[in-house]
Amino acid sequence: MSKKDYYEILGVEKGASGVEIKKAYRKTALKFHPDRNPGDSAAEDNFKEAAEAYEVLSDDNKRARYDRFGHAGVGGPSGQGGFGGAGGGMRMEDIFENFGDIFGDFFGGGGGGGGFGGGSRARGGRPTGQRGSNLRVKVKLNLQEMAEGVQKKIKVKKQVECSTCHGSGAKNSNSKGTCSGCSGSGYVRRVTNTILGQMQTTATCPTCHGEGSIITDKCTSCVGEGRERGEEAITIDIPAGITDGIQLSMSGKGNKGARGGRAGDLLIQVEEVPHEQLKRDGQNVIYHLHISFIDASLGTTIEVPTITGKAKIKVPAGTQGGKIFRLKGKGLPSLNGYGMGDQLIDVNIYTPKNLSSGEKSTLESLRDSKNFQPNSNKAEKSVFDRMKDLFT
């Protein structure tokens with residue numbers, strides 16, 4: 001029987017780019033993946049067929065030979081050029097070994113993954129245990145840590161590999177044997193009588209749950225689980241520019257899977273610790289500066305807090321309430337590394353409430369002074385307008 005055209009199998013044009021071919025293969029492989037189609041032999045054949053097509057079309061030399069000579073240029077009509085060997089097509093072992101990383105997180109990464117049933121997979125795609133669950137932790141950061149980035153060391157209580165059996169779940173090396181239900185394959189074949197005749201399907205072995213082996217004598221420490229309660233010290237790298245509410249992920253740092261299964265992930269929720277004097281606004285930080293009427297009138301130099309310490313600013317004579325000073329580059333960086341925020345200083349002029357008789361007398365003597373009269377003819381910008389000018 002003649003083989004299908006490789007481009008047709010993946011659903012791409014003959015002139016498709018390498019990126020398009022890879023994308024098409026991933027889509028096809030996920031569609032016919034054994035975990036999504038348990039016991040469906042037709043889907044398994046399509047899965048192998050797609051891998052064979054990708055193995056040729058992803059290689060520039062093989063693709064050139066195929067374009068010129070067809071299947072004969074890459075091993076003949078029997079598919080001898082693929083990983084499967086002469087006439088055998090692609091083998092599941094080779095597919096997961098060589099292309100498992102293309103499936104990404106859908107099936108747990110490079111080895112073919114954990115499947116939708118939550119297991120991990122060995123070279124041949126057979127489950128090797130149950131995937132561990134994810135863990136969630138919360139990390140509190142102050143503004144300086146968010147601005148500069150930081151390493152946080154935490155201790156996490158979780159399921160770790162059993163120290164006695166090293167994850168196997170068995171008492172010793174002789175306490176594990178081949179499953180008699182599937183003869184070590186991890187799958188069993190079932191024959192069903194239908195009106196069209198007998199139909200053969202493949203399903204995960206109910207005895208060993210697809211692992212291909214059974215434990216005859218369980219580890220006394222973990223009772224066959226291959227894991228135990230423990231604690232791990234983990235160092236978390238927090239990038240500069242992180243914001244409140246962002247979730248980071250560390251692959252494989254969650255609970256250990258059962259009987260050698262892949263570990264879950266550690267999910268880190270970032271929480272900002274409010275600064276006593278500064279308020280974050282995106283990449284900028286805002287400081288509300290309160291000065292006296294005298295300092296605003298005569299001018300002064302004042303020390304203000306910043307994310308990393310303190311800075312001195314000059315307040316010119318005649319500064320009005322609502323004036324905004326900018327300390328360029330004193331804000332926070334972008335998480336993506338583009339640009340740096342500023343520190344905005346909002347000037348508020350303090351009006352005293354309780355005056356002595358002498359203070360009142362002094363102010364009364366200045367009440368009618370020309371320089372103490374509001375200049376109603378001068379167009380002063382509002383606080384809103386001044387803020388708008390800073391960002392345009």
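**Stop 1: the largest nonpolar core.** Select Leu289, Val304, Ile313 and Ile345. In the largest nonpolar core, which has 34 residues, these four touch the most other members. A nonpolar core here is a set of buried Ala, Val, Leu, Ile, Met, Phe, Trp, Tyr and Cys residues joined through side-chain atoms within 4.5 Å. Buried means under 20% relative accessible area, exposed means over 50%, and partly exposed lies in between (1.4 Å probe, protein chains only). In soluble globular proteins, nonpolar side chains tend to be buried together.

Before moving on, note what you are viewing. This is a predicted model, in which local features need pLDDT of at least 70, side-chain atom pairs count only at pLDDT 80 or more, and totals for chains, interfaces and linings use all residues. Numbering runs from 1 along each chain as its sequence is written, and side-chain values use heavy atoms, with hydrogens and water left out.

Now center on Val304. Which residues does Val304 touch, not counting those up to four places away in sequence? They are Tyr287, Leu289, Gly309, Lys310, Ala311, Ile313, Leu327, Gln343 and Ile345. Contact means heavy atoms within 4.5 Å.

Another core, of 22 residues, lies apart from the largest one. Select some of its members, including Tyr25, Ala43, Phe47 and Val56.

**Stop 2: the whole chain.** Zoom out. The protein chain has 9 helices and 17 strands. These are DSSP runs numbered from the N terminus: helices are H or I, at least four residues, and strands are E, at least two. Of the 392 residues, 38% count as buried. Take contacts between residues at least 6 apart in sequence: 62% of them join residues at least 24 apart.

**Stop 3: confidence.** Color by pLDDT, the predictor's confidence in each residue, from 0 to 100. The chain averages 82, and 79% of the residues score at least 70. Strand E14 (residues 300–305) is highest, at a mean of 97, and strand E1 (residues 119–121) is lowest, at 50. Select residues 76–88 next. Their pLDDT stays under 50, and the model has 31 contacts for them beyond four places in sequence. Over residues 121–125 pLDDT is also below 50, with 21 contacts beyond near neighbours in sequence.

**Stop 4: Lys256.** Find the loop between strand E10 (247–250) and strand E11 (266–272); Lys256 sits there. Lys256 is buried yet has no salt bridge. A salt bridge needs a side-chain nitrogen of Lys or Arg within 4 Å of a carboxyl oxygen of Asp or Glu. The nearest side chain of opposite charge is Glu161, 4.4 Å away. Leaving aside neighbours within four places in sequence, Lys256 contacts Gly132, Gln159, Val160, Glu161, Arg227, Gly261 and Ala263.

**Stop 5: salt bridges.** How many salt bridges does the rule give? The count is 15.

- Lys62 and Glu55: their side chains meet at 2.2 Å, N to O. Glu55 is buried, at 6% relative accessible area.
- Lys138 and Glu271: the closest N and O atoms are 3.4 Å apart. Lys138 is in strand E3 (residues 135–141) and Glu271 in strand E11, 133 residues apart. Lys138 is exposed, at 56%, whereas Glu271 is partly exposed, at 26%.
- Glu232 and Lys158: the N to O distance is 2.4 Å. The pair links strand E9 (residues 227–238) with strand E4 (residues 150–161). Glu232 is partly exposed, at 23%, and Lys158 is buried, at 4%.
- Glu211, Glu225, Arg227 and Arg259: salt bridges that share partners join these into one network.

Methods. Lys, Arg positive; Asp, Glu negative; His and termini not counted.
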